[in-house]
Amino acid sequence: MWRRTYLLLVAIRLWFALSPSYLHPDENFQGPEVIAGEIFSYPVRRTWEFTNDNPIRSVFPLWPVYGLPMLLLRWLWIGNGNDGEIRPIVVFWTLRVLMFLISFVLEDWALHELIPSPRHRRVAVLLVASSYVTWTYQTHTFSNSIETLVVAWSLVLIQRIVDAKQQSTLLSSFGLGIVAVFGIFNRITFPAFLLIPGLRLIPHFLKRPLSLAVLVSAALVTSLVAIALDTAFYSSGPVTWADLISRPHGLHPWYQHSLANLPLLLGPAAVLFATKPHLSIRLYSAISGLAVLSIFQHQEARFLLPTVPLILSSVQLPTNKALLRVWAGAWIIFNLFLGVLMGIYHQGGIIPGQVFLASQPDATTAIWWKTYSPPIWLLNGKNEVLQTKDVMGIKGDDLLIQLTSLATCDTPADRRNQEYLKEKNGTYLMAPASATWLDPYLSNKGLQGLRFREVWRYRQHLNLDDLDIGDDGLWNTLTRVVGRRGLVAWRVTKSC
């Protein structure tokens, strides 16, 4: 029964990995889009973290996580005699499957090593496998998702160092040196999760200084490789040893996490965390990470992803059968609801929308309104001629001004079925169907003003950033956002 349930949950995890929801722009802009521009000929957009005079992002972790799979995919593509570039959407789905695999293998494997009790281990693995966070965030290309795995395996290596014999201790110390540096270059918040678990190493290193020497040596070599890669990436010319020394690139309300973000991620398990915790090194790691991250004002729920498997594997289920059934029902409903919401509908039309625009021969301008920033590397080379304008939060009147200046002239071809595709230029507006502000303008068929022709619609799209409860009330807002869910593409023209 346990194994069948676990395999079902793994299948659910894979299904969500292959759903096109878009949780946050950082899942593209801080990872795949950067490396895709280096390996393939896709024009990409680098965010300020990479273009600033003092960049704050390291590319070192991106190469093994995203670069190697892309290089392998390109090698297989060319090796099979294919001409031309791989379609970006193929790369996108390859990375999603990769994130599923490393989550399934590395996260679950770490839990097996960290939990000695077979009974407790089965409960912990099922809780983690049935969490919507595992289904959604962990199968997306977030640096936070990678951090979750790095934290878990750092704890595994610390446990091996403390428990193992001399030979295994040296190997684990070597591995921890590499993993720890990788974690720091991936996210500077990573050490927060090792503050308390790392204390276990002090007595061991005092007795066996050779283990410390091996760890430090591995960390120094890994740091040198990371700094060299970052310096080469951010430098315009060839990199010399002098460059690595003189101008290296590389390291660079408080209750929000505790009262809002953590309950959002854990749901009913937050009650067990508060009332029935199982004291363990995993729990101490989660608490130290939560405490340190709560110091900083910028607090997003995904920053706490590493705490989710650590906490879920450190709680005790209710012993009373009636309470257990109530809790289990609440847990299932919570994760199914959040899983469908975040894993399918949340900004779900953006990826399919980019694939649609890539296939439109006349598209030269695309204006995205009331959505997340679209990843332009998915345009399959179309971005060489297609200008993407992200006007996410501007007011409707300002949107009309922009559309009026960018819309192409209305022609007889625009009024016939697919004839507009033969035009040389075309302006498209990508906006959620719930944007009711547009309604008065969509029916315009006269000679004056803008004309909106709906050419594409993707139903599985919810825009949770368009909630206006203060003006419309809760029920009217939900009716609008949920009842009129979907992302729509309009081809916009005007009289000339």
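Colleague: Where does Thr141 lie?

Modeller: Thr141 sits in the loop between helix H8 (132-135) and helix H9 (143-163). Helices here are DSSP runs of H or I, at least four residues, and strands are runs of E, at least two, numbered from the N terminus. This is a predicted model: local features need pLDDT of at least 70, side-chain atom pairs count only at pLDDT 80 or more, and totals for chains, interfaces and linings use all residues. Residues are numbered from 1 along each chain as its sequence is written, and side-chain values use heavy atoms, with hydrogens and water left out.

Colleague: Is Thr141 buried or exposed?

Modeller: Thr141 counts as buried because its relative accessibility is 7%. Buried means under 20% relative accessible area, exposed over 50%, partly exposed in between (1.4 Å probe, protein chains only).

Colleague: What does the side chain of Thr141 reach?

Modeller: The backbone oxygen of Glu27, at 2.4 Å.

Colleague: And which residues is Thr141 in contact with, leaving aside neighbours within four places in sequence?

Modeller: Asp26, Glu27, Pro32, Tyr66, Leu95 and Met99. Contact means heavy atoms within 4.5 Å.

Colleague: New topic. Which residues does UniProt list for "transmembrane region"?

Modeller: The unreviewed entry lists 60-77, 89-106, 174-198, 210-234, 254-274 and 322-345. Such annotations may be inferred rather than shown by experiment.

Colleague: How much helix is there over residues 322-345?

Modeller: That span is 100% helix and 0% strand, with end C-alpha atoms 34 Å apart. Residues 174-198 come to 52% helix and 0% strand, with end C-alpha atoms 15 Å apart.

Colleague: How many helices and strands in the protein chain?

Modeller: 23 helices and 6 strands. Of the 496 residues in the chain, 52% are buried.

Definitions and conventions. Polar contact = N/O pair within 3.5 Å; in protein donor to acceptor, adjacent residues only side chain to side chain.
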